[in-house]
Amino acid sequence: MDKTINQKAWFLVLPVFLVVAFSAVLPLMTVVNYSMQDTFGNNQFFWNGVGWFKELLDPSTDLGGRFLASLGRNLFFSLVILAIEVPLGIVIALSMPRQGWTVAACLVILALPLLIPWNVVGTIWQIFGRPDIGLMGYVLNHIGIDYNYVSNDIDAWVTVIVMDVWHWTSLVALLCYAGLKSIPEAYYQAAQIDGASRWAVFKAIQLPKMNRVLLIAVLLRFMDSFMIYTEPFVVTGGGPGNSTTFVSIELVKIALGQFDLGKAAALSLVYNLIILIVCWIFYTVMTNAGTERKHQEGAV
Amino acid sequence: MARIDLVDLAHSYGGNDAPQDSFALKPVTMTWRQGGAYALLGPSGCGKTTLLNVISGIITPSRGKILFDGEDITPLSTQKRNIAQVFQFPVIYDTMTVGQNLAFPLKNRGVPKAEIDKRVAEIGRLLDLEPYLNRKATRLTADAKQKISLGRGLVRSDVAAVLFDEPLTVIDPELKWQLRSKLKALHRELDLTMIYVTHDQTEALTFADTVVVMHDGRVVQSGTPAELFDRPAHTFVGYFIGSPGMNIIPAEVRGREAKIDGHVVGLNRSYDSLPAGAKIEIGVRPEFVETVAPAPGLLSAKIERIDDLGRIRFARTRLGDAKLAARAPAGFTSSDGTAGLKFDPSHIHVYADSLLVEGAA
């Protein structure tokens, strides 16, 4: 063993340790700490063990009921926007031009909604949908549709969903467009020779070649919509009633509205865990698809 | 199953108004007979793939017509043209099995299921794909994939022609040979018109009954391999076919004599009416020039090197400014680096502005 032992290397790694400790580990441990305790103010804390977690996972309690309801709403929201944005994004990508100056124009128009901050998107739709001064709200009410997102649950949901579709379908479309562009021209020519219909071309060539980018699109859109806070909060504030209160809105209500730090900490840990698990599932599926591809290439 | 006629066909990627020199495919009129095995041979960029894509309908020609059995199909789309084409790189439908891949062209045309199964089984057998028919096509090797592409081209029994666009590029040499023989056998068995694009003369000459040589967007000669070898209609054909290619040497030709570098070489035919002002060259294949010991009356050349190809040796020589390859018979050596050249007069051709001139007997 002629290895030179040089402990100086630790000093080089130290800054990273410090940054990570302060930015991630300490805050997380604070949350874990809170989740085990109860407080009645005055900076006095009492040990509560796993009490909050038990309550959280028991739907018959107030906390558990609210968590389950908001989780259900959130999952429903994510499924609806995925069901709309993914097919719509594919259709937009398919109908985009392949070359010429129109490509650049389409890309810019598509990218615009993605560049607008969440808060601003919420404000835009909040005003756009108002029945008294908003263009959409006013026009809808004027032509006889009773639309009011402040008082009607369904109207509120429709507004939040349409807003998300408007904001994020572009992302799916751009990803799909990139996937489509990578298909060699020979595939289309071969399909022509084989007499494939437009639908057959889509099913046999375009969709299989897009599956990787689609997986990424679904992952990004699911995670993002599952963590959604700003836009619905600005538009509906979680209402009417609790009808558009998603998990993160509920979390903020408990933590900052009621100042129940223990409950909020327990909720955010479970919330975090759910997101980690979903991420892990997607990641596994994606890397599996990747290794499968490598196997094929290895065979070649 | 059809005769294919090309009538004054031309294509320019820059549109019909572009100068004719820039056309990727210059006007061509020719006939492909039903059941023939054709090869389109030429260097990269000579327009052979353009011609192929025009026939299959991927490109609409700027000018002229294509007739299948006398019927004008120029405006028809690829789908309606009843033609099959195999591309340079394998195209595989990832989600399907090998069998489904083979069945795809038939399924799209609404062929009854029993008929599809029969054809797929037959093509699978002919291409040795039987063990893989139920396997996913994505997991196979590149040459198996290309076999599937070939199979999709051959699976339809009613096609006017099957077009191959350098289909064996991705296959390694050993298998290439096998697949080429297989294609030839399939051609006999299936009675299809096949057009095979390649830049490899061996591939063209072994596959085809008729080889069509293209150069710079023009069809310069079409004929049997023997015709191309013995009587190249264009200096390009002479040079491109054969290894080494034909010697093309500037000469002054008068009557039955050609004057090269001040020496006179006798010709078998008489050339009295050569076009005035044209660039006159003679062409002779290295196989028909022999190096011998220098002697008076023989053209004398400087030997640069001798290539030993095993069965045969070729001497690379220099004649003034021109280069000339010649057969070096067994036992030939040169002590001073020069050699006399003996020509076989019956195999000397005369070219005016690169085109073959027929002499008078």
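**Note on chain B and its partner chain**

1. B:L6 stands opposite B:I66, a residue of strand 4 of chain B. The two belong to an antiparallel pairing of strand 1 (residues 4–11) of chain B with strand 4 (residues 63–68) of chain B, over five bridges. Two strands are said to pair when DSSP finds at least two bridges between them. Helices (H or I, at least four residues) and strands (E, at least two) are DSSP runs, numbered from the N terminus.

2. This is a predicted model, in which local features need pLDDT of at least 70, side-chain atom pairs count only at pLDDT 80 or more, and totals for chains, interfaces and linings use all residues. Residues are numbered from 1 along each chain as its sequence is written, while chains are lettered from A and ligands numbered from 1 in the order in which they are written.

3. Strand 4 of chain B also pairs with strand 5 (residues 71–72) of chain B, antiparallel and over two bridges. Here B:L67 has B:D72 as its bridge partner. Two residues lie between the strands of this hairpin, and B:D69 takes a positive phi near 50°.

4. Chain B as a whole has eight helices and 21 strands. Its C-alpha atoms fill a box of roughly 80 × 50 × 35 Å along the principal axes. Of its 361 residues, 42% are buried. A residue is buried if 20 or more other C-beta atoms lie within 10 Å of its own, exposed if 12 or fewer, and partly exposed in between, with C-beta atoms placed from the backbone.

5. Which residues touch the most other members of the largest nonpolar core? They are B:A39, B:L40, B:I195 and B:Y196, in a core of 80 residues. Helix 2 (residues 98–108) of chain B gives the most to this core, with five residues. Another core, of 27 residues, lies apart from it and includes B:M246 and B:Y351. A nonpolar core is a set of buried Ala, Val, Leu, Ile, Met, Phe, Trp, Tyr and Cys residues joined through C-beta atoms within 7 Å.

6. Beyond its neighbours within four places in sequence, B:Y196 is in contact with B:Y38, B:A39, B:L40, B:F164, B:F207 and B:A208. Contact requires C-beta atoms, placed from the backbone, within 7 Å.

7. Where chains A and B touch, 24 residues come from chain B and 17 residues from chain A. Strand 6 (83–86), helix 2 and helix 4 (142–154) of chain B each give two or more residues to the chain B side. That side divides into 12 nonpolar, eight polar and four charged residues. In this count Ala, Val, Leu, Ile, Met, Phe, Trp, Tyr, Cys and Pro are nonpolar, Asp, Glu, Lys and Arg are charged, and the others, Gly among them, are polar.

8. Strand 16 (residues 299–308) of chain B is joined by four bridges to strand 19 (residues 338–343) of chain B, running antiparallel. Six bridges join strand 16 of chain B to strand 17 (residues 313–319) of chain B, also antiparallel. Strands 16 and 17 of chain B form a hairpin with four residues between them, and B:G310 in the turn has a positive phi of about 95°.

9. An open sheet of chain B has four strands in the order 11-14-20-21, with antiparallel pairing. Strand 11 (247–250) and strand 21 (355–357) of chain B are at the edges with a single partner strand each, so one side of each has no neighbour in the sheet.

Technical notes. Contact = placed C-beta atoms within 7 Å.
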